[in-house]
Amino acid sequence: MAWSASQYGKFEDERTRPARDLLAQVPLEHVRRAVDLGCGPGNSTELIVERFGAAGVSGLDSDLNMLEAARNRMPGTPFVEADLATWQPSEPADLLFANAVFQWLPNHLDIFDRLINGLAPGGVLAVQMPDNLTEPTHLLMEETAHVGPWKAAFEAQSVRRQPLPLPSTYYSRLIGKAARVDIWHTAYNHPMADAAAIVEWVKGTGLRPYLDHAGDEHRDAFLADYLGRVERAYPKMSDGRVLLRFPRIFMVAVKA
């Protein structure tokens, strides 16, 4: 599944806010080595540099389009191509920071366990993931997937992301190697211009595998069906805009 930095960047302010909120809870005064995991176009990496300085900060991503955007944005910061399913820091890190990437990796609990091994004592694993599969945006993707001439493709193979584990599951896995684990949820409520703006938002993330699976032949019709459902699910407010509720889970683990 290819990603688009330009599509992702259409709502950069809204996407960066959770990264800013996560970074605010990182209990470090300085870092010798910090890595932004799944850095995307570099918006979250920029926050890390603003707080700790550029020395020792790098980003990694598996998507070349995102890496190109990040390098153009921050030419003095190293950005490398890597697969988080197997990547491990070559030397102990003080901060491993991940904003909205690990929801795509079903085995991320095992990855977290491995990444903590790559932290220096007192180092921090800081993670934020969307926890929005029960929101209308994502339930309606499934509804659209199972109507129309494209439904056979989805009946043969589901593209629905797996639900995230319970906070207690994360805590139990992390605390074995951590001196402290903080886990919390935040539900953001983003005013959007209209239902079409919501569709534009999810086209950069959760809707991408559905559109890829439906195929170019059905892309426009799939989007039209989905938009109609979103319009019915998100009524206009008094100022004509619509409110997008977006729950996210956060966790900060400090290595023992």
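These legends describe close-up views of one predicted model. Local features need pLDDT of at least 70, side-chain atom pairs count only at pLDDT 80 or more, and totals for chains, interfaces and linings use all residues. Residues are numbered from 1 along each chain as its sequence is written, and side-chain values use heavy atoms, with hydrogens and water left out.

**View 1. The annotated domain spans residues 35–123.**
UniProt, in an unreviewed entry, places the feature "domain: Methyltransferase" here. UniProt positions follow the numbering used here, feature names are shortened, and annotations may be inferred rather than shown by experiment. Over residues 35–123 the chain is 34% helix and 26% strand. The end C-alpha atoms of this stretch lie 12 Å apart. Helices (H or I, at least four residues) and strands (E, at least two) are DSSP runs, numbered from the N terminus.

**View 2. Seven strands form an open sheet.**
The order is β3-β2-β1-β4-β5-β7-β6, with mixed pairing. Two strands pair if DSSP finds at least two bridges between them. β3 (79–81) and β6 (178–192) stand at the edges with a single partner strand each, so one side of each has no neighbour in the sheet. From one strand to the next, the twist averages 15°. Helix α3 packs on the sheet and touches β1, β2, β3 and β4. Contact means heavy atoms within 4.5 Å. The direction of α3 makes about 145° with that of β4. Axes are lines fitted to C-alpha atoms, for helices over the stretch in contact, and angles run from 0 to 180 degrees between N-to-C directions. Helix α8 lies across β5, β6 and β7, at about 145° to β6.

**View 3. Strand β1 is covered on both faces.**
Ala34 and Asp36 are buried on one side, Val35 and Leu37 on the other. Buried means under 20% relative accessible area, exposed over 50%, and partly exposed in between (1.4 Å probe, protein chains only). In a regular strand the side chains alternate between the two faces of the sheet. β1 pairs in the parallel sense with β2 (residues 57–61) over four bridges. Four bridges also join β1 to β4, again parallel. Val35 stands opposite Ser58 in β2 and opposite Leu96 in β4. β1, α3 (residues 43–52) and β2 make a right-handed β-α-β unit. A crossover is right-handed if, with the strands pointing away from the viewer, the path from the first strand over the helix to the second runs clockwise.

**View 4. Strand β5 is largely enclosed by the rest of the structure.**
Ten of its twelve residues are buried. The chain reaches β5 from β4 through α5, in a right-handed β-α-β crossover. Six bridges join β4 to β5, which run parallel. Leu96 stands opposite Leu125 in β5. β5 and β7 pair in the antiparallel sense over seven bridges. Met129 stands opposite Ile249 in β7.

**View 5. Helix α5 covers residues 108–117.**
Its buried residues are His108, Leu109, Ile111, Phe112, Leu115 and Ile116. They cover an arc of only 155° around the axis, which puts them on the same side of α5. The arc is that of the directions from the helix axis to the C-beta atoms. The buried residues of α5 pack against β1, β4, β5, α8 and β7.
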